[in-house]
Structure formats: C-alpha cells, structure tokens
Amino acid sequence: GIQGFHFYFSHPLEKKIFLWLAQRIPHCAVDETPPPAWQELVFPNKAEVVCGFDVLREIQEVLLRIKQSLLEKVPPYQWAILARNENPYFPLLREELDKAQIPYSMVLRKPLHQQPVIQAIQMLMKTAISQHRFSITNLLRTSLINPNPDLSNQIASLWRAEGLEGDWTTWFNRLEKATQRNLRLYTDIDEDEETHPKKKYPEVFFREARTYLLFWQQLFKKFPAKATASEFGNILLQVLNLCKLNEHVRESRNIDLPEQDYYLLQKHNQSSWQRFKQALKQMESVTFLEQSSQIWEFSAYVQELNALLASVQIPIPYGQPNGVRIGTPLRMRGQKFHGVAVLGLNDGVFPAYGGSDWLLDGATLQILRDSGYLIPTSEERALQEDGYLRSSLQMADRQWILSYSRRDLSGHILNSSPFLLLAKDAFPNQFQLVESESSGYKIPPHNTLSEAALKQVLLTTQAT
C-alpha cells in the first residue's frame, strides 16, 4: 500500500494529496505519528562522531569509513550521505567520491533554460521575433526543432557558422547565389565571404533547400504581432508540433551512448518538455498590470516566458543507480539503509536558522498565522530541524556517522551543533569520538582515499 508520514510533508498540499488518495485507494493511509524521540531511537551496532579540520577533511574522514564498510561487503546503495544544505557539501562530495572511485547516485537540480530542449525552443522564439535580422544558420543547426535535421545541416553548411544575418529576402538571395556558384563547379577563384559551398551539390538539393526555407518562412507567419497568452501558447505548441519536436524528444537519433545514458537523456528531455508546457500554463495566469485586456505583444510574451524558464529548476538523476545515495533529509525521507552519514552538524548549518521577521511585530505575525500562512516560530523551527536529524538517523539499521568541521571553506571558525549534545545525552558513553589531524596539510598515508592518492603521498615523502 501507500503510506504517508505527517512529519515528512514539506508542504500542506502534500498532505492534502495523500488524504485525497486515502479516500480512493485501498490500503492508502496517512500516518501522522512524528519521528521517534531521541530515547526511542534504536541505537545501531556502531556510531561515530567525526570532527574534521575543515569541511573538506570532514568529508574525507566520512568517506574513509564508508569505504571501509564497502570493503566489508556492504553494497554501496546501502549507504546514504545526508546534508542539510546542498552547498558546499554536494560538489565536494562528488569530487571526493570520484577520487575514491566510489559509485554514487544523487538528484541534481539544474536550471530549466540550460536543457537542450529548452535551448532549442528559445532559438526558435528568438528567430521568430527578429524576422528583419536573424541568423538562419543558427536555426538550421538546432537539430531538435528541424523536421529534417540532415537537410537543415547541409543547408547551413553553405554559409559560415557565425556572423551572417539578414531578413528572408537576403537569405533567399544568398541561396540563389550559392546555386549559381555550384553550377560553375568552382571555376570562379574569387572567394565569396558569404557563400562558399565546399562540394558539388545536385540540383535537386537547392530545390529542396528553397522549399525548406519557405517552410520556415510560412511557419513564422503563424505568430501574430499581438495575442493573449493562451493564444500564443497554443500557436507555439502547434509550431513545435510541425517541427516534430515531440518525436525528437521521444526518440533520439543515432547517438553513440551506453544504454543507461541513452535512457537518462530521454528522461531529461521528457522532463524538460513537461516543464515547458507547465510554464506556458503559468503564462496564462500572469497578471499583466498595464493592460487589463491581457493582450501581449509577441516580443514581450517571449521575454516574460524566457524569464519564467530561467527561474525554474528541474531534478535530474545523476550517477549510478547502485551507488551511495546522496541527498537532503527531506529528499531521502522514509527510506532504509545499512548506514547513514549526516554531514555538517555545525551550529547554523544543521540546525539551519530561519530568516528574521524583524519587519513584522508579534501581533501581525499572529494575524498572518490565523489567516492560514505558514510562519513558524523560532521554537517550531528548532523542533522541525531536530525532527529532520532524528528522521535521518531512523533510516539507518547498523551504523551512524555524525560529522562536523571546525572551519568552513573560508577559514572561519565553526561551532558544533547543539544536536550533538542531544545525541550524547540520549546515548551516553556510546558514541566514539574521532578527531582528524589539526593540521590542514598533514595527511597520514593510511588515510588516503585511493591507491593513486597513496602513491602520490609516498612519492612526495620520498622526494623530501
């Protein structure tokens, strides 16, 4: 069945969805029991508190212990590494895991406008709003939005890649000039700066090229100068359908990729496409304050849509599915592992303090809370952060690793988290405290993460 935990809901809407499911699906229930208290947690076989000289050494110390567990035949996917915030831990983790040759999997959040599908759509929109001066070569080289990518790339090769712009009349004249030069079979030694076909093309190619450019010209005429957001969105979807973008999203052409990477690319493209359609729906609800009729100019609509796409981030699976799991307590909620490592148990990091409400007095805050706004008090924030840590430890069956560092990446002093005191009070004399070398440069050879790093340390020692 499906089971939802009250504590794990990060938004009231999540709980509402589970309640809706519980009324319609058998064996679907909402368990509102909070995470176990400290005294109710089951202490694992092994628990360590690791103190690092800085954030990087903290991560290295944790990975040494995980690698030792892997040598004891514990599968990588039975380990989870959690951090309250992604930065600076996730980038450093990826780098150190690659050095240690430990497989891992995580979910990255990437800006939507950086995805190939969205970049192709933005290229189309950029060309559509610049009909008096645009680069047809950039459009033709964008394979995802070209119905015939092979033909479009051949047409684009007639001109140099960058620098040429013009309106449709100019581009048709350039195509005619390329046709005449092709007929002369390069007998003219004068090198034209605009058109210089590098091989002899059959005559049918130039007829197809002209037809293809006419197709694009007619396609852009579908966009009106002014329309509502709904009308622009429908026209844009129709144009993209004529460009066969949906087919390119579903079926990648001959790409030399391993099967796993191929399916991952497909998933990225499909996710980007779905988020783009959601952005079009959001544009319909955008309040255009200056015009009550909700009529947009095409250039203003494209500018607003691009700004919306730049503000959206999409989750992208990264790494190997059977690797060590990396995530935040909220993302990993409800799962079970052999061991869990919690990074960054420093005051101000975990627990993370909420923003200041100094602009609002207590009475105003209470009015907002009574109106349904979620504005937790400082005490409620502290209890929530404490619950995040307890739920993280609840995921582990055999081993805990709690770590903190004495300095951040800038060298500023950090204090340990008060939650470590709660853990030690709940389990007195049961945690093993491990502190790394005080020097940021002295690295014992047996603490290296890989054979390559060990050889480098030994060579350096011999040289000195």
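This is a predicted model: local features need pLDDT of at least 70, side-chain atom pairs count only at pLDDT 80 or more; totals for chains, interfaces and linings use all residues.
Start with helix 8. It runs over residues 203-220, 18 residues in total.

Now its sides. Which residues of helix 8 are buried? They are F205, F206, A209, Y212, L213, W216, Q217, L219 and F220. These cover an arc of only 165° around the axis, which means they sit on the same side of helix 8. The face turned away from that buried side carries E203, R207 and T211, which are exposed.

What do the buried residues of helix 8 pack against? Five partners to point at: helix 4 (116-128), helix 5 (136-140), helix 6 (149-156), helix 7 (168-183) and helix 9 (229-242).

On to the rings. Searching the whole structure gives 23 aromatic pairs. One of them is W296 with Y301, in an edge-to-face arrangement. Their centres are 6.3 Å apart, with 80° between the planes. Both W296 and Y301 are buried.

There is also a cluster. Ring pairs join F134, W168, F172, Y212, F215, W216 and F220. Look back at helix 8 here: Y212, W216 and F220 are among its buried residues.

Last, charges over rings. R94 places its charged end over the ring of Y318, 4.4 Å from the ring centre. R174 lies over the face of W171, and there the distance to the ring centre is 4.6 Å.

How values were computed:
Residues are numbered from 1 along each chain as its sequence is written. Side-chain values use heavy atoms; hydrogens and water are left out. Rings of Phe, Tyr and Trp (its six-membered ring) pair if their centres lie within 6.5 Å; planes under 30 degrees apart count as stacked, over 60 as edge-to-face and the rest as tilted. Buried means under 20% relative accessible area, exposed over 50%, partly exposed in between (1.4 Å probe, protein chains only). A charge sits over a ring if NZ of Lys or CZ of Arg is within 6 Å of the ring centre and within 35 degrees of the ring normal. Helices (H or I, at least four residues) and strands (E, at least two) are DSSP runs, numbered from the N terminus. The expected span of a helix is 1.5 Å times one less than its number of residues. The arc is that of the directions from the helix axis to the C-beta atoms. Contact means heavy atoms within 4.5 Å.
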